[in-house]
Amino acid sequence: MYLSLDFQPLVSSTLLALLLVPLFLLTMAGIFFRQRGSLIRLLAVMAFAMALFNPIVVNEEREPLKSVVAVIADRSQSQDIGNRTADTDAALKQVQTALARLPQFEVRTVETGRASESDDATSTRLFQALNGAFRDVPPARVGGAIMITDGQVHDIPANPAGLGFNAPVHGLITGVPDEIDRRIQFVRAPRFGLTGKPQEMTYKVTGAGEQQGSRARVRVRVNGTEVNSEDAIVGEEMPLEVTLPRAGVNIVEIIVDSLPNELTEVNNRAVAMVDGIRENLRVLLVSGEPHNGERTWRNLLKSDASVDLVHFTILRPPEKQDSTPINELSLIAFPTRELFVDKIEQFDLIIFDRYQHRDVLPLLYYDYINDYVQKGGALLIAAGPEFAGNMSIANTPLLSVLPATPTGNIDEKAFYPRLSEQGKRHPVTRGLEGSAQEPPNWSRWFRVIDVNPPDGNVVMNAGDRPLLVLNRMGEGRVGMFLSDQGWLWARGFEGGGPHAALYRRIAHWLMKEPDLEEEALTATGSGRNLEIHRQTMKKTADPASIITPSGKTLSVPLTETEPGVFTATLPTDEIGLYQVANGDLTTLAHVGPVDAPEFADNVSTTAKLDPLARETGGGTRRLRTDADQSTIEVPNIVASRGIASASGDNWIGLRPTNETVLKSVDRLPLFSGFLGLAAMILVLGSMWYREGK
């Protein structure tokens with residue numbers, strides 16, 4: 001019950017002044033000159049004034065409001081270390097039980113820090129969660145906050161004003177004092193680098209509880225393969241030189257050996273994602289004679305900014321001898337030795353375009369080409385009618401690397417190039433524009449060279465004959481195009497066809513472009529998801545096996561999204577490096593930023609949260625003061641109204657609010673009705689009686 005006196009004048013303040021001030025002055029003058037009955041007149045004026053002011057006694061029935069208390073439980077990834085999760089669960093339960101015995105508090109529990117689809121959780125942001133808990137609460141109703149965390153909080157306000165309320169903040173810290181933890185991180189790492197060229201990087205090993213200047217063994221891996229190991233000096237920036245083996249994303253890992261009794265090995269590994277860029281690919285194109293398709297190959301390769309093209313056309317073979325003096329010929333001599341002996345290893349791809357053996361190349365040079373392919377080189381045969389004749393290169397030592405041999409027949413009937421069943425799954429021809437229709441939405445060709453059953457993958461057919469054959473030979477690759485009429489697509493005959501895409505894919509597959517591998521497994525981190533992409537020539541794919549950063553093993557089924565492509569998307573709640581395996585293939589992927597603050601320091605601490613907590617009247621304390629302590633110790637929770645400090649040796653305080661909510665109001669006028677009339681009659685009667693004497 002809350003009693004108060006209120007005035008509700010019957011007339012305006014101006015009229016009150018005009019009526020009462022003169023009367024009050026006259027009455028006071030009578031008192032000053034000691035006139036008889038002056039005091040009674042004063043009482044009459046006061047009674048008249050009270051009647052005009054209309055005093056009212058207000059009786060309010062109010063219900064006290066509860067103070068709102070936030071309990072913030074840190075569920076970030078660093079809380080998974082040791083027994084921190086169990087201690088957090090136990091402390092949270094005890095705090096909730098203690099607060100349930102204090103009816104003046106409304107408790108709001110928030111568990112935060114674990115990743116979700118809308119939150120990348122790369123840092124521990126407890127005060128952001130605290131603001132969310134108090135978003136609809138007036139500052140006067142905030143009773144305080146209790147945070148259960150390891151102390152590694154990344155959004156602590158600079159001062160209490162940043163909280164938006166005046167109430168104590170307490171920290172209950174998991175972990176134990178004097179924890180030992182070693183960490184490795186990249187200091188400088190390029191985002192891009194040339195493949196096959198050394199890349200300069202630097203890294204640093206730091207250790208909590210470890211002497212500066214001591215040595216630690218560091219292993220270096222590139223795309224999962226260990227390439228080096230060395231000793232690093234703890235606390236010093238160390239140089240590192242790494243060669244990128246492939247184009248596309250390369251994952252460079254540095255792993256430092258763990259210490260005895262180390263807190264966690266999660267941050268003993270650092271990752272740098274470096275995009276490998278190939279220097280211009282060198283292609284040697286040798287055309288056996290001028291023909292319509294020659295310019296198609298030349299224009300395509302010249303238009304590719306990543307290709308350096310060396311092109312020769314044999315215009316004057318050895319058998320074309322006449323009496324013209326050599327010094328009068330304008331033709332450039334074909335530098336066979338320089339190309340096929342001295343510099344053959346400098347080429348990424350050799351293309352024989354309608355080339356036939358006419359003693360331009362000595363037979364020994366074909367052996368050099370064989371060795372070039374076996375050691376990792378690439379060869380493409382763009383065959384024409386000469387491939388079926390007596391001067392075919394299939395009749396040379398090059399035969400040992402060719403995927404098919406000619407039968408001697410040439411079919412010159414019109415046909416539509418079509419993808420084979422293998423071609424529908426092969427990345428070189430899969431999804432080729434126009435291939436999904438029947439007949440295909442491209443023009444016909446009119447010549448195909450017949451061959452014996454080939455080795456490798458037949459990805460395109462001309463009726464029942466092979467048209468495009470792709471094969472691996474040793475460490476290298478060989479392709480064979482059994483028609484010279486791709487130029488019909490380039491010229492737009494009958495609407496043309498996707499010659500540029502097809503030719504480019506063939507060339508890049510031969511040069512081992514990672515995206516065009518038939519059997520490939522890739523994984524990438526996209527936000528909080530791990531996306532898995534599996535290419536295979538098989539019709540089914542086994543589930544992918546995944547090892548999470550914390551060491552858990554998961555099995556994820558793959559779904560076919562197009563012929564030869566199986567994918568899966570896995571929502572994750574851990575930041576770090578994931579290992580993905582499928583069959584004999586393995587790959588790595590990093591989810592989240594590689595330098596996430598969440599892993600910058602895993603050692604539990606009271607130092608970060610304690611200054612702010614003390615300024616608010618709260619404090620921080622450890623749940624365990626010793627690693628051998630069997631149970632946690634949660635301080636008593638009390639209501640601490642009007643106490644400057646809300647923290648003691650074994651207790652923490654929360655402040656009840658003075659806020660109330662109005663339930664009902666009773667109003668009692670003091671100078672109206674019978675009571676007011678009786679008072680006025682009494683005073684006026686007394687004044688009349690006194691004046692009558």
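A cavity is a set of points, on a 1 Å grid over the protein atoms alone, where a 1.4 Å probe fits but cannot get out, and lining residues have an atom within 4 Å of a point. The model shown here is predicted, with local features needing pLDDT of at least 70 and side-chain atom pairs counting only at pLDDT 80 or more, while totals for chains, interfaces and linings use all residues. Residues are numbered from 1 along each chain as its sequence is written, and side-chain values use heavy atoms, with hydrogens and water left out.

**Figure 1. The second largest cavity is lined by residues that include L300 and R504.** Helices (H or I, at least four residues) and strands (E, at least two) are DSSP runs, numbered from the N terminus. The volume of this cavity is about 30 Å³; a volume is the space filled by probe spheres set on the points, and grid points are joined across faces, edges and corners. The lining has three nonpolar, one polar and two charged residues. In this classification, Ala, Val, Leu, Ile, Met, Phe, Trp, Tyr, Cys and Pro count as nonpolar, Asp, Glu, Lys and Arg as charged, and the others, Gly among them, as polar.

**Figure 2. Helices α5 and α10 cross at roughly 70°.** The axes of α5 (residues 294-303) and α10 (residues 499-510) come within 10 Å; axes are lines fitted to C-alpha atoms, for helices over the stretch in contact, and angles run from 0 to 180 degrees between N-to-C directions. The two helices are therefore roughly perpendicular to each other, a term for angles of 65 to 115 degrees. From α5, the residues T296, W297, L300 and S303 make the contact, and from α10, H499, A500, Y503 and R504; contact means heavy atoms within 4.5 Å. By class, four of these residues are nonpolar, three polar and one charged.

**Figure 3. The largest cavity holds about 70 Å³ of space.** The structure has two cavities of 30 Å³ or more. The residues lining the largest one are H291, G293, W297, D353, A382, F481, S483, D484, G486 and Y503. Four of them are nonpolar, four polar and two charged.

**Figure 4. The largest pocket has a volume of about 1000 Å³.** A pocket is an open set of points with protein on both sides within 12 Å along at least five of seven lines. Of the 39 residues that line this pocket, R246, V249, L521, T522 and T587 lie nearest its centre. Strands giving two or more residues to the lining include β13 (248-256), β25 (520-526) and β32 (585-591). The lining divides into 18 nonpolar, 14 polar and seven charged residues.

**Figure 5. Two loops contain P439 and E494.** Most residues other than glycine have a negative phi, and most peptide bonds are trans. The peptide bond from E438 to P439 is cis, with omega near -5°, and P439 is in the loop between α8 (421-425) and β21 (448-451). E494, which is not a glycine, has a positive phi of about 50°; its place is in the loop between α9 (487-490) and α10.

Methods
Angles under 35 degrees count as roughly parallel, over 145 as roughly antiparallel, 65 to 115 as roughly perpendicular and the rest as oblique.
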